[in-house]
Amino acid sequence: MKRHLATRESIAELQEARKKREPVRVSKAPENSGLTKDETKKALMSMAKSAYRIPLKLIPKLPF
Amino acid sequence: MTQDAEQEFRDEYAPELYDLVVDLLQKLNTSAHVSYAITEEIAIHFWRDLERLYAIHHEQINVTKTCSYLAFWVRKLKPVSDAYPLQAYEGLDADEQPNREYEVTDINEQISLHLSLTLLRHCLEDSRITEAANIDREEILAAFDKVSEEYLTSVVEDGMSMGLRFDSMVYDMRFRTYGPHHLTHFLVHIMRDIYRECARSPKQ
């Protein structure tokens with residue numbers, strides 16, 4: 001297996017290369033992928049309206 | 001986030017969360033003590049995480065993450081204690097305590113999973129996610145009910161786990177390392193199956 005031993009020269013090369021690197025642009029998220037902060041807050045404050053039903057099998061019962 | 005903003009969210013959300021937990025306990029036919037002080041702590045830490053996620057992800061964050069972080073903090077701070085199925089009180093006098101072996105020791109893990117699904121369903125009921133996915137609201141909600149129940153009540157096939165997938169997840173949440181990212185994976189799979197279900201049986 002080839003070993004990569006860092007030398008002062010190779011580190012300097014890497015540092016130079018890094019300086020030239022372009023920043024990674026964050027693309028805009030698709031519009032259906034999430035909620036904004038206001039939308040999240042609104043959803044949290046009205047969670048009680050959720051019609052989620054707990055499956056009957058998951059209701060705790062006594063072990064007999 | 002300023003301290004005032006944090007307290008404002010806590011004061012607004014903690015009563016809502018407290019009522020939700022009490023409501024879930026009722027649906028689970030379980031009697032328990034719920035700590036309001038702990039629901040306040042959950043509100044604060046949960047919102048701090050969301051603020052951080054909004055700082056990283058800018059304008060939007062995926063609903064599955066919001067649901068997971070809520071469940072994570074409930075599971076971590078454990079607001080529910082002394083939980084017993086109502087059956088355990090049958091035939092007892094008012095001052096009698098139920099048999100200790102009937103205590104539901106993993107009630108916080110159970111509640112946290114149900115809370116995350118409560119929020120996820122609500123986001124599909126009342127948000128533009130359903131609209132943006134171009135799926136009929138009733139159709140996606142029917143798919144949510146079918147997929148989530150099937151998943152949670154299905155049996156883990158490896159023969160080494162706790163039985164139902166729900167029980168297996170509750171066990172792992174209680175006794176293994178469990179972060180919000182684990183729950184995000186689960187919810188993303190649920191969402192994927194919901195979309196598949198809708199694609200399989202499009203509304204006529």
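How many residues does the contact take from chain B and from chain A?

Tutor: This is a predicted model, in which local features need pLDDT of at least 70 and side-chain atom pairs count only at pLDDT 80 or more, while totals for chains, interfaces and linings use all residues. Residues are numbered from 1 along each chain as its sequence is written, and chains are lettered from A and ligands numbered from 1 in the order in which they are written.

The contact takes 42 residues from chain B and 29 residues from chain A (two residues are in contact if their C-beta atoms, placed from the backbone, lie within 7 Å). On the chain B side, the elements giving two or more residues are α1 (3-27), α2 (36-57), α3 (63-77), α4 (107-125), α5 (128-132) and α6 (137-153) of chain B (helices are DSSP runs of H or I, at least four residues, numbered from the N terminus). Of these, α4(B) gives the most, with eight residues. By type, the side of chain B that touches chain A holds 20 nonpolar, 11 polar and 11 charged residues (Ala, Val, Leu, Ile, Met, Phe, Trp, Tyr, Cys and Pro count as nonpolar, Asp, Glu, Lys and Arg as charged, and the others, Gly among them, as polar).

Within chain B, the axes of α3(B) and α4(B) come within 8 Å and cross at roughly 155° (axes are lines fitted to C-alpha atoms, for helices over the stretch in contact, and angles run from 0 to 180 degrees between N-to-C directions). That makes α3(B) roughly antiparallel to α4(B) (angles over 145 degrees). Residues making this contact include Leu70(B) and Val74(B) of α3(B) and Leu115(B) and Leu119(B) of α4(B). The contact of α3(B) with α4(B) divides into 11 nonpolar, five polar and two charged residues.

Conventions:
Parallel < 35°, antiparallel > 145°, perpendicular 65-115°, else oblique.
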